[in-house]
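The report that follows walks through one protein chain, from its overall properties to a few single residues. Please keep the sequence and the 3D view at hand while reading.

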Amino acid sequence: MGTTINLNVHNFKHWLGKPARDFDVLRFDANNNCNIHCVYCAIQRSSELISFDDFRIFLSESIASAGVFQFGCQMEPTLDARLCDFMTAVSQSPAKPKKLFRLQTNAILLHRHDHGRMLEAGLNFLTVSMDSVDSETF
Ligand code: SF4
């Protein structure tokens with residue numbers, strides 16, 4: 001049985017340097033911001049980012065395997081121009097997921113990223129979610 005975590009700017013330092021382990025599900029936010037303000041979402045935001053170099057160290061030292069790797073969990077991953085770099089790094093590491101390589105997004109900025117690179121990295125599951133309390137807007 002592996003580990004399930006949500007990895008983000010708040011806990012990344014805690015996981016950096018840990019011995020390699022098997023992850024069932026690893027959900028990852030490299031940035032700490034969103035481009036929507038859903039009325040019910042009270043999550044604190046900031047411009048803080050996870051360093052790409054630190055992320056590569058984490059991939060090489062702290063992951064033995066992953067079942068599911070998900071970009072985007074509590075924040076919007078397409079706000080980060082480095083998204084494809086992170087995906088490629090995952091695909092070239094032990095974190096390359098055995099089952100699902102997932103992107104969770106509101107898709108507003110998805111066109112700014114290289115979809116070919118995403119597919120090359122092994123992305124095989126895209127989930128788009130948008131919410132509004134107003135049914136006509138939704
Ligand atoms: S899209 Fe998600 S993270 Fe962004 S405001 Fe809405 S619920 Fe919060």
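## Charges and overall form

The protein chain carries 13 positive and 15 negative side chains, and the centres of these two sets lie 6 Å apart. In this count Lys and Arg are positive and Asp and Glu negative, while His and the chain ends are not counted; the place of a charge is taken as NZ of Lys, CZ of Arg, CG of Asp or CD of Glu.

The model is a predicted one, in which local features need pLDDT of at least 70 and side-chain atom pairs count only at pLDDT 80 or more, whereas totals for chains, interfaces and linings use all residues. Residues are numbered from 1 along each chain as its sequence is written, and side-chain values use heavy atoms, with hydrogens and water left out.

The secondary structure of the protein chain consists of four helices and five strands, where helices (H or I, at least four residues) and strands (E, at least two) are DSSP runs numbered from the N terminus. Read from the N terminus, these elements follow the order β-α-β-α-β-α-β-α-β. For 138 residues a compact globule would have a radius of gyration near 14 Å, and the 15 Å of the protein chain agrees with this; the radius is taken over C-alpha atoms, and the globule rule is 2.2 Å times the number of residues to the power 0.38. Along the principal axes, the C-alpha atoms fill a box of roughly 50 × 30 × 30 Å.

The protein chain exposes about 7700 Å², of which carbon and sulfur atoms supply 52%; such areas come from the Shrake-Rupley method with a 1.4 Å probe, and for residues only the protein chains shown count as cover. Of the 138 residues, 41% are buried, where buried means under 20% relative accessible area, exposed over 50%, and partly exposed in between (1.4 Å probe, protein chains only). Among contacts (heavy atoms within 4.5 Å) with a separation of 6 or more, residues 24 or more positions apart account for 67%.

A nonpolar core is a set of buried Ala, Val, Leu, Ile, Met, Phe, Trp, Tyr and Cys residues joined through side-chain atoms within 4.5 Å. The largest such core has 29 residues, and those with the most contacts inside it are Leu 26, Phe 28, Phe 55, Phe 71 and Met 87. At least two residues of this core come from each of strand S1 (3-7), helix H1 (12-15), strand S2 (21-28), helix H2 (52-62), strand S3 (63-71), helix H3 (83-91), strand S4 (100-105) and helix H4 (115-121). The largest share, six residues, is supplied by H3.

Helix H3 is largely enclosed by the rest of the structure, because seven of its nine residues are buried. These buried residues are Leu 83, Cys 84, Phe 86, Met 87, Ala 89, Val 90 and Ser 91, and they pack against S2, H2, S3, S4 and H4. With its neighbours within four places in sequence left aside, Met 87 is in contact with Phe 71, Phe 101, Leu 103, Met 118, Ala 121 and Leu 123.

Val 9 has its place in the loop between S1 and H1 and, at 11% relative accessibility, counts as buried. Leaving aside neighbours within four places in sequence, Val 9 is in contact with Asp 29, Ala 30, Asn 32, Glu 48, Leu 49 and Ile 50. Val 68, by contrast, belongs to strand S3; at 14% relative accessibility this residue also counts as buried, and, not counting residues up to four places away in sequence, Val 68 touches Asp 24, Val 25, Leu 26, Pro 97 and Leu 100.

Two residues of the loop between S2 and H2 are described next. Gln 44 lies in that loop and is exposed, with a relative accessible area of 66%; apart from neighbours within four places in sequence, Gln 44 is in contact with Asn 32 and Met 75. Ser 47 is found in the loop between S2 and H2 and is exposed, with a relative accessible area of 71%.

The table lists C-alpha to C-alpha distances for these residues.

| Pair | Apart in sequence | C-alpha distance |
|---|---|---|
| Val 9 and Glu 48 | 39 residues | 6.8 Å |
| Val 68 and Asn 6 | 62 residues | 12 Å |
| Gln 44 and Asn 32 | 12 residues | 8.3 Å |
| Ser 47 and Asn 33 | 14 residues | 6.6 Å |

Most residues other than glycine have a negative phi. Ala 107 has a positive phi of about 70° although it is not a glycine; its place is in the loop between S4 and H4, and Ala 107 is partly exposed, with a relative accessible area of 26%.
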